[in-house]
Structures are given as structure tokens and as C-alpha cells.
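Hi,

Could you take a look at the structure below when you have a moment? My notes on a few loop residues follow it.

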Amino acid sequence: MNPKICVVVSEFNKDVTAEIQNSAVHKLNDKGITGKEYLKVIYVKGAFEIPYVISKLIDKYDGFIAVGCIIKGKTPNFDFISQAITNGIMELSISNKKPIGNAIITCLNKKQAIERANPKKRNKGGEAARAILSVLGIIKSQ
């Protein structure tokens, strides 16, 4: 039976996050994870909300992919937000024993973000999908 996967996507920098989301969903579909019962995409306003939403849904899915794009501005907020999200995702994954693929990119500027989200290059969405499917496969085989 296929695992149930939830992709939580930040709407902030939507042009970038849409590419990352599409890459993740495409990779999951390639592995047979399709349909409402196995794949759910949920949108949140910003990346900071992603860990909270995952925490509320943690018992409903076998794995998650967090999709977001944080672009450095002129304040230290970039560093604080990025670290808080990363720590939150890692803590949720370990404490709940669920894989959470981190496809939240942190970039210095919009040009870099667009390049990193390019589906023809190494896209974080596809990488995150491969990572959680790999972990779920390891767990299943034990």
C-alpha cells in the first residue's frame, strides 16, 4: 500500500514555491503516489506557518514535504525565520518518527531563488520527495 503524503506549501514567493511543489508532486506521482487518499497539498501564507500545520496533521500522514522560499532582506529576520523553521521541522520529524522533506529554500535574492526552483536543474521539491520515500522504504523494510 502507498504511503499517505502531505505537501505543505508557502504561498509567499508563490512563483518560486509553485515550481518546487510541482517538482515534489511530479516525483511522488512517478512513484505511484496519486489521488486524494494518498497525496494532499495544503497551502499556508508563509513558511513560518509550515511546522505548525504539520504538527496539527502529523497523525494523518506517513510523511510530509515542506515547501517554501525565504529570500534575504535587509534585516536579520531571514536568519531567525530560517533557523526556527528548520529546527521546528527537525523536531517534529524526530519526536513523531515521521519523515519530513525540507524543500524550503533560503536564497540571497530572487534571481537565485528562481534558479534553484528550476525544474530542469536540481530542484529541492523532487529531492525532498525522493528523501522521504527513501526513509519510508527503509522503515518499511525493517
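Asn 13 is buried, with a relative accessible area of 15%; buried here means under 20% relative accessible area, exposed means over 50%, and partly exposed is in between, using a 1.4 Å probe and protein chains only. Its place is the loop between β1 (5-10) and α1 (14-30), where helices (H or I, at least four residues) and strands (E, at least two) are DSSP runs numbered from the N terminus. Asn 13 is not a glycine, yet its phi is positive, at about 60°.

Before going on, a word on the source: this is a predicted model, in which local features need pLDDT of at least 70 and side-chain atom pairs count only at pLDDT 80 or more, while totals for chains, interfaces and linings use all residues. Residues are numbered from 1 along each chain as its sequence is written, and side-chain values use heavy atoms, with hydrogens and water left out.

Lys 97 also shows a positive phi, about 55°, without being a glycine. Is Lys 97 buried or exposed? With a relative accessible area of 69%, Lys 97 is exposed, and it sits in the loop between α3 (77-96) and β4 (100-107).

Then there is Lys 45, in the loop between β2 (39-44) and α2 (50-57). Lys 45 is exposed, at 66% relative accessible area. Leaving aside residues up to four places away in sequence, Lys 45 touches Ser 10, Glu 11 and Phe 12, a contact being heavy atoms within 4.5 Å. From the C-alpha atom of Lys 45 to that of Ile 58, 13 residues apart along the chain, the separation is 19 Å.

Best wishes
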